[in-house]
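Subject: Structure handover and notes

Hello,

Please find the structure below. My notes on it follow.

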Amino acid sequence: MNLIFDISREGRFAHAQAPDTTPATSDIPSHLLRQTKPRLPEVSELQVVRHFTRLSQKNFSIDTHFYPLGSCTMKYNPKGVHKLASLAGFAQRHPLAPEAASQGILQCLYDLQTMLAEITGMQAVSLAPMAGAQGEFAGVAMIRAYHEARGDFDRTEIIVPDAAHGTNPASAVMCNYQVKEIPTGADGDIDIEALKAALSEKTAGIMLTNPSTLGVFERRIAEVQKLVHDAGALLYYDGANFNAVLGKVRPGDMGFDVLHLNLHKTFATPHGGGGPGAGPVAVNDKLKAYLPLPLVEKTNTGYRWSTEKDLPESMGQLSAFAGNVGIHLRAYIYARMLGKQGMQRVSEMAVLNANYLQARLKDAGFVLAYPDRRATHEFIITVADQTKAHGVKAMDYAKRLLDYGMHAPTVYFPLLVPECLLIEPTETESKETLDAFVDAMIAIKQEVETDATLVKTAPHTMVVRRLDDVRAARLLDLVYVDASCQ
Amino acid sequence: MSNIPEELKYTGTHEWLRQEEDGSVTVGVTDHGQCMLGDLVFVELPEEDIELDKNQECCVLESVKAAADIYSPIAGVVTEVNEALTGTPDIVNRSPYDEGWLYRMMPVDEKDVTNLLDAAAYRDCIKAEAH
Amino acid sequence: MPFIPHTENDIQSMLEAMKLSSVDALFDEIPVSLMLKQALDVPNGMNEMSITRLMQERAKKDEGYACFIGAGAYDHHIPAAVWELASRGEFLTAYTPYQAEASQGGLQVLYEYQTMIASLTAMDVANASLYDGASALAESVLMAVRCNKKVKNNRVFFLGTLSPLYRKAVDTIIDPQGIELIEIPYSTTTGVVDVSVLAHLQEKDANALIIQQPNFFGCLEAVDELTDWAHHHNMLVVAAVNPTALALVTPPGEWGERGADIACGDGQPLGIPLASGGPSFGFLTCKMPLIRQMPGRVVGRTLDDEGKQGFTLTLQAREQHIRRAKAKSNICTNQGLLVVAAAIYMSLLGTEGLRRVALACHNNTRRLVEKLKTIGSVSLQFTSPFFHEFVLALPVPVKPLIDQAAESGLLIGYDLKPFIADDEHWLLVAVTETKTEEDLDRFVAFFKAHLQGSSASKEQQTSAEAAK
């Protein structure tokens with residue numbers, strides 16, 4: 001397929017989209033003006049529509065395919081939510097519009113803050129962080145602020161389980177902490193003895209996910225939180241797996257001091273091919289004073305933004321304005337549609353779907369990573385036995401599933417389990433879809449036994465075959481340079 | 001079973017070291033190490049004349065799926081780096097002990113070399129890792 | 001329950017297949033003491049019909065304003081095709097292209113976007129987005145400090161005309177690394193940094209110099225001299241730029257003799273609705289030798305095993321999912337969808353269309369400035385050339401005027417009070433291609449009507465009398 005630059009022709013552009021009449025030049029002095037032309041596409045409006053429409057048709061998406069990408073919660077992104085968030089009053093509002101002209105959005109944001117606090121069992125919420133990773137950065141920064149406010153500058157370490165998502169240690173390092181990794185036990189829970197050994201007066205905090213990245217519930221969380229708090233440290237909750245416990249368990253009740261939620265996971269905001277997301281943080285009273293700005297406050301007459309005067313010890317700001325407000329709005333609309341009964345149902349059906357898949361795959365002869373544990377909203381299978389017998393890897397399963405018309409589960413995460421697939425169906429999938437996935441997996445397993453090469457060289461029906469990653473990283477062809485530019 | 005030349009010294013983090021006649025040492029990554037990484041796409045080498053401590057991170061070997069740090073087996077001053085790897089990092093995969101050497105340095109103390117693993121000990125090390 | 005397909009039959013047959021009697025059994029590993037005993041205290045659920053009414057009511061409260069506020073977010077025309085295409089389910093509901101063969105559409109868009117933004121900034125390479133302009137600037141500063149082999153202190157210079165909104169976010173994000181931002185003061189007459197102050201700086205040792213162009217006030221800095229000065233003192237140059245302006249003004253890659261080293265900015269002007277400032281996206285481009293220090297995802301072109309062209313994420317060993325604690329940044333989810341929208345916008349307008357948008361913005365701004373000259377009590381604060389934004393000096397506090405104007409549906413600009421001397425009253429005004437002659441006249445009329453109390457022009461007094 002051609003690049004848009006290949007179909008460009010000099011002088012073409014979408015005339016209906018450019019301003020009517022303009023003077024040919026400006027009065028800006030020439031030494032400040034651009035001498036070279038930027039190389040943007042030169043195509044007609046129809047060419048643009050056709051080009052991008054056809055590109056979209058090459059993508060797998062929730063709208064088109066079952067997408068059991070573990071840890072990403074690829075549930076249905078409601079069309080009505082997207083439409084309402086795009087209403088003119090919301091879409092056209094400037095971030096710096098006066099408060100009197102912003103009561104509609106401010107009320108939505110305030111309501112969302114309140115709902116998220118209730119949902120997580122925490123005291124206060126800031127919507128500011130623009131993704132889970134930024135939420136983690138904010139959370140760890142608040143932990144730092146807490147210790148420093150108490151004159152404790154010796155706490156230089158953050159504990160992270162070896163199974164943690166890579167953003168956890170990366171965020172801790174961005175906050176200038178050293179990362180101390182602790183192992184996970186064979187049963188999927190944290191190794192308590194290792195935790196005890198790792199805790200010291202140098203520990204500022206621990207970052208946990210519950211359910212963990214292994215897809216199982218951290219059963220000894222009460223003991224963990226006691227050990228950590230007794231050591232003078234704080235607990236951070238990574239909300240990536242919150243879909244498993246929404247309406248059932250609250251991180252605040254588990255003893256966590258600070259958490260982030262991934263609105264693009266649990267709250268169904270569209271994933272957009274890699275983003276945007278939002279990672280609001282919620283805290284208990286210990287950390288309220290340090291929340292990132294802005295928050296929304298309620299007054300006698302309406303709603304307003306909080307400022308540094310309201311929160312003088314705030315850890316600061318994470319963006320120029322208020323973060324990904326359009327995502328907050330979508331999450332709010334979705335949460336209002338779910339309501340109190342709907343939220344509980346989300347985790348119940350997500351967990352039902354995952355356990356059903358786990359049971360059926362086990363019956364079909366697949367090896368579960370934690371066969372004695374309940375699945376939560378996701379679970380892990382490993383094909384290491386098939387790698388040994390036939391040389392087939394998790395990556396091969398992932399690619400062959402594409403030929404069966406399904407997006408692959410997450411592979412090779414968590415790093416702990418060799419040749420693993422992390423499978424998360426979500427609650428919006430029907431039983432028939434789950435059965436079809438099992439059928440596909442069974443079919444591939446048979447192919448592995450009779451014609452392994454077919455699986456090892458998959459995919460066969462996509463627009464491209466397996467791509468040469470090594471060549472991509474060696475050649476580094478990252479921008480198009482045509483002959484005329486050289 | 002990976003190649004482990006008898007005359008070299010090793011570390012538990014998959015570096016090898018060779019003592020040269022002029023008192024300098026050459027450092028590289030073992031066959032086992034390069035195999036674990038996969039096809040290399042980039043090698044970051046230290047600057048010449050830089051002082052390294054024992055176990056100091058001095059190189060980064062990058063493949064598509066990992067980026068591994070190389071830890072200096074002993075302390076010393078870097079005298080030469082293998083420039084050929086900049087354009088062709090996969091030399092390390094093809095010839096980890098010869099053309100794929102990473103850097104040379106003058107040791108602070110020659111005796112430090114004796115603390116490193118010999119081929120047999122390194123072989124045991126790899127076996128232990130596999131379990 | 002919204003969006004959940006399960007019927008009672010479905011649930012029963014699934015439970016039977018697992019030999020379980022109830023859904024509750026699936027939660028039996030969770031300590032009972034932690035399980036919620038009652039439903040969350042949130043409102044009851046709503047169907048789409050009801051939530052539509054509620055949201056329409058709320059949206060209505062905020063709509064219908066003519067917007068002259070800029071300060072980092074600009075009111076541009078967004079072609080209908082941009083969001084028709086970007087809202088297609090295949091773009092909207094896909095995720096990160098980890099399985100490249102199933103994401104060739106999205107990956108090609110990102111590759112084309114990387115090409116466009118690199119060319120617009122006249123740099124070598126781009127990433128596939130960061131969260132916004134402010135956090136992109138923070139990441140650029142961290143990157144510059146990592147890249148500078150010659151200077152190893154923790155100081156970074158910035159021009160005093162840098163957006164204070166960006167400054168706050170940069171401070172927050174770089175603070176844990178102990179990096180110090182040092183201000184180079186600007187002239188309150190010209191609205192830019194006078195290059196002669198550079199010679200008088202006490203200490204010239206720093207990792208980098210941050211230059212915003214156009215600056216926060218809309219004025220144009222002497223980017224060539226500043227860039228050469230910085231390079232002469234072994235600093236990297238980090239450019240924070242507005243993409244519409246780049247259709248007209250010198251792009252960072254062509255600043256001075258060697259060009260800026262890193263360029264960043266906010267992509268909102270490229271087809272992204274104002275939408276309260278987010279989501280938009282941050283763009284980051286740089287010179288090729290720095291590529292391995294660049295954070296964020298990057299798409300590369302390659303071949304498949306039959307020699308066919310394809311696209312894939314590359315250089316992933318820099319990122320958190322591989323490098324973990326040693327990653328260049330913790331970023332995972334980025335702003336992918338907005339980049340798709342920007343690629344479509346840049347494709348529709350193209351080189352010529354974007355140039356016309358920039359010219360229209362600039363000329364509308366000039367016209368408004370001319371018209372405001374008929375009001376004696378207000379004046380253009382700065383003397384430097386500007387692009388699509390200017391500072392108006394007023395004789396009275398700005399906030400009450402802003403509030404009054406809002407009551408009649410006009411958003412006249414941004415109050416600079418928090419950032420300037422106590423006795424000054426400065427209003428930051430932006431004018432884009434969307435403003436008509438009537439819009440400009442309405443703006444002027446508001447000031448004429450509301451500055452009666454102060455030293456008004458003769459014309460104003462006459463019309464005020466006539467109105468009585």
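In which sense do strand β8 (residues 76–81) and strand β9 (residues 103–107) of chain B pair, and over how many bridges? They pair in the antiparallel sense, over five bridges. Strands here are DSSP runs of E of at least two residues, helices are DSSP runs of H or I of at least four residues, and both are numbered from the N terminus. Two strands pair if DSSP finds at least two bridges between them. One bridge joins B:V81 to its partner B:Y103 in β9(B).

Before the rest, some conventions. This is a predicted model, in which local features need pLDDT of at least 70 and side-chain atom pairs count only at pLDDT 80 or more, while totals for chains, interfaces and linings use all residues. Residues are numbered from 1 along each chain as its sequence is written, and chains are lettered from A and ligands numbered from 1 in the order in which they are written.

Chain B

The two strands above belong to an open sheet of six strands in chain B, in the order β1-β2-β3-β9-β8-β5, with antiparallel pairing. Its edge strands are β1 (9–10) and β5 (51–52), each of which pairs on one side only.

Chain A

Strand β5 (residues 234–239) of chain A has six of its six residues buried. A residue is buried if 20 or more other C-beta atoms lie within 10 Å of its own, exposed if 12 or fewer, and partly exposed in between, with C-beta atoms placed from the backbone. Both faces of β5(A) are covered, with A:L234, A:Y236 and A:D238 on one side and A:L235, A:Y237 and A:G239 on the other. Strand β4 (residues 203–208) of chain A pairs with β5(A) in the parallel sense over four bridges. There, A:G205 has A:L234 as its bridge partner.

The domain assignment of chain A gives domain 1 (81–337) and domain 2 (343–471); such bounds come from an automatic or database domain assignment. Taken over C-alpha atoms, the centres of these two domains of chain A are separated by 30 Å. Between them, 17 residues of domain 1 are in contact with 19 residues of domain 2, where contact means that the C-beta atoms of two residues, placed from the backbone, lie within 7 Å. The domain 1 side of chain A divides into eight nonpolar, seven polar and two charged residues. For these classes, Ala, Val, Leu, Ile, Met, Phe, Trp, Tyr, Cys and Pro count as nonpolar, Asp, Glu, Lys and Arg as charged, and the others, Gly among them, as polar.

Chain A with chain C

The contact between these chains takes 169 residues from chain A and 165 residues from chain C. On the chain A side, helix α10 (residues 325–363) gives the most, with 22 residues. That side of chain A has 89 nonpolar, 48 polar and 32 charged residues.

Chain C

Chain C holds 13 helices and 15 strands. Its C-alpha trace spans about 90 × 65 × 50 Å along its principal axes, and 60% of its 468 residues count as buried.

The domain assignment of chain C gives domain 1 (80–345) and domain 2 (350–461). Their centres, taken over C-alpha atoms, are separated by 30 Å. Here 15 residues of domain 1 are in contact with 20 residues of domain 2. The side of domain 1 of chain C that touches domain 2 has ten nonpolar, five polar and no charged residues.

In helix α7 (residues 164–174) of chain C, eight of the eleven residues are buried, including C:L165, C:Y166 and C:I174. The buried residues of α7(C) pack against α6 (133–147), β4 (180–184) and β6 (236–241) of chain C.

Five of the six residues of strand β9 (residues 298–303) of chain C are buried, so β9(C) is largely enclosed by the rest of the structure. Strand β10 (residues 309–314) of chain C pairs with β9(C) in the antiparallel sense over six bridges, and C:T302 stands opposite C:G310 in β10(C). The two strands form a hairpin with five residues between them, and C:G307 in the turn has a positive phi of about 80°.

Regards
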